[in-house]
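Please open the model in your viewer and keep the sequence beside it, so that each selection can be followed in both. The tour goes from charged pairs to a helix and then to the domains.

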Amino acid sequence: MQSIYDLDTPHLIVDLDRLERNIAEMATYMASAGTALCPHTKTHKSPYVAGLQLAAGATGITVAKIGEAEVMADAGFTNIFIANQAVGAIKYQRMLALNRRLDLTCSVDSPETAHPLGDAAVLAGEKLQVMIEVDTGLGRAGCRSVTELIETALAIESTDGLVCAGIFTHEGHLYGSPADQIIADAASAAAKMCAMRDALLEKGLPCPKISMGSTPSAWAVAMQPGVDEVRPGVYVYGDRLQMQRGFPRDNCALTVLTTVVSVRADGVAILDAGSKSLASDSPFSDKTYGEDLNQPGLVLKGVSEEHGHLRLGNGVQVRVGDKLRIIPNHACTCVNMHDLFAVCRADSVEAVLPVAGRGKIQ
Ligand SMILES: Cc1ncc(COP(=O)(O)O)c(C=O)c1O
């Protein structure tokens, strides 16, 4: 069997034992909490990984873009939630085409997003399920008040083209919650969602489901009353950002295999993986861009497009031609840089697969 170290670099590597463990742990936890799991597949963009998630008990899959939904539909997935507003005639036609093929749910967060989508559905003689997005504190899209929510729900009710499937939020602001605060913050976000649902029900408007989702808070929101579904994404792979939030280093399933192409006298090794292979997100105060899988102190102190700058020291020596495995800062943006990923057990390559949803930004 081929060794990962025989692959050309830079190459995305997924450790199958760790991936399966991450998927199983999340599925088992959600099953015991009685909360449905509809994982966000924007992290891996792979029908193969989504298939493992469904086999472990996920009820459906979440995507960010219609293009990602089309890839998953072509691969045979039948329950897809596009957790993102899609606006414009071209997008309405693509969503309606998907709706004819499978159980699709789309997103709205205002009458302005609901009305034209409803009109397009009526014209096509279709009914489209939509979830209303609520902003529980991230400060991105989503209804921020009961008034906005009710106006949006009334817009859905006013058309034969849409059916309200519930409300959803991405509580990404909980990435900033200290560990001893996460349960309280998750409870507060869940309570906001329940208050929003109750406001709809009081007006006689339907709200069959509350869906929340983010990796660091998935376990904490799942234990809150009223939360029906969670949509974590990064938990499949983990990354340095998740490690900072308590994700175990030994569970990190994603690395970029890279070759040392130059070793400088000042203690820096230059790798053939830069921002075009690892991505350039660096939410860390020390502005580092990745770290070696096997030597935690070995960090990338800089990236340019095609080069990574690895700070040596502590007696670590590398030579030109050595191959290293780097844990990226952010799995989702890193994966989106690659056409292929190799799945391996220990160092043996089991398969090389396409990142099928890569670059599907429309
Ligand atoms: C709408 C939505 N749901 C779920 C998620 C998954 O959260 P995480 O990236 O923390 O796994 C995201 C992430 O951006 C999101 O935007």
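Begin with the charged side chains: this model, which is predicted, holds 16 salt bridges. Side chains of opposite charge can pair when their charged atoms come close.

Select Glu68 and Lys45 next, whose side chains meet in a salt bridge with 2.8 Å from N to O. Glu68 belongs to helix 3 (residues 66-74), while Lys45 sits in the loop between strand 2 (36-37) and helix 2 (47-55), so the pair ties together parts that are 23 residues apart in sequence. Are these two partners buried or exposed? Glu68 has a relative accessible area of 6% and is buried, and Lys45, with 8%, is buried as well.

Now move to Lys276 and Glu306, which form a salt bridge whose closest N and O atoms are 3.4 Å apart. This pair links distant parts of the chain, with Lys276 in helix 10 (residues 275-278) and Glu306 in the loop between strand 13 (300-303) and strand 14 (308-311), 30 residues apart. Lys276 is partly exposed at 43% relative accessibility, and Glu306 is partly exposed at 40%.

Select Asp266 and Arg264 after that, and you will find a salt bridge with its closest N and O atoms 2.9 Å apart. Here Asp266 is exposed, with a relative accessible area of 54%, whereas Arg264 counts as partly exposed at 31%. To finish with the charged groups, display Asp17, Glu20 and Arg345, which are linked in a network of salt bridges.

Which residues of helix 5 are buried? They are Pro111, Thr113, Ala114, Leu117, Gly118, Ala120 and Ala121. If you show their surroundings, you will see these buried residues packing against several elements, among them strand 4 (79-85), helix 4 (89-101) and strand 7 (162-168). Gly125, which follows helix 5, has a positive phi, near 70 degrees.

Finally, colour the two parts given by the domain assignment, domain 1 (16-237) and domain 2 (243-329). Their centres, taken over C-alpha atoms, are separated by 34 Å, and 13 residues of domain 1 are in contact with 9 residues of domain 2. Between them the domains bury about 860 Å², 48% of it on carbon and sulfur atoms. What joins them is found to include 8 residue pairs in polar contact across the interface, although the count of salt bridges between domain 1 and domain 2 is 0.

Technical notes:
Residues numbered from 1 in each chain as written. Predicted model: local features only at pLDDT ≥ 70, side-chain atom pairs only at ≥ 80, totals over all residues. Heavy atoms only, no water. Buried < 20%, exposed > 50% of the residue type's maximum accessible area, 1.4 Å probe, protein only. Helix = DSSP H or I, 4+ residues; strand = E, 2+ residues; numbered from the N terminus. Contact = heavy atoms within 4.5 Å. Domains from an automatic or database assignment. Buried area = accessible area lost by both parts, 1.4 Å probe. Salt bridge = Lys/Arg side-chain N within 4 Å of Asp/Glu carboxyl O. Polar contact = N/O pair within 3.5 Å; in protein donor to acceptor, adjacent residues only side chain to side chain.
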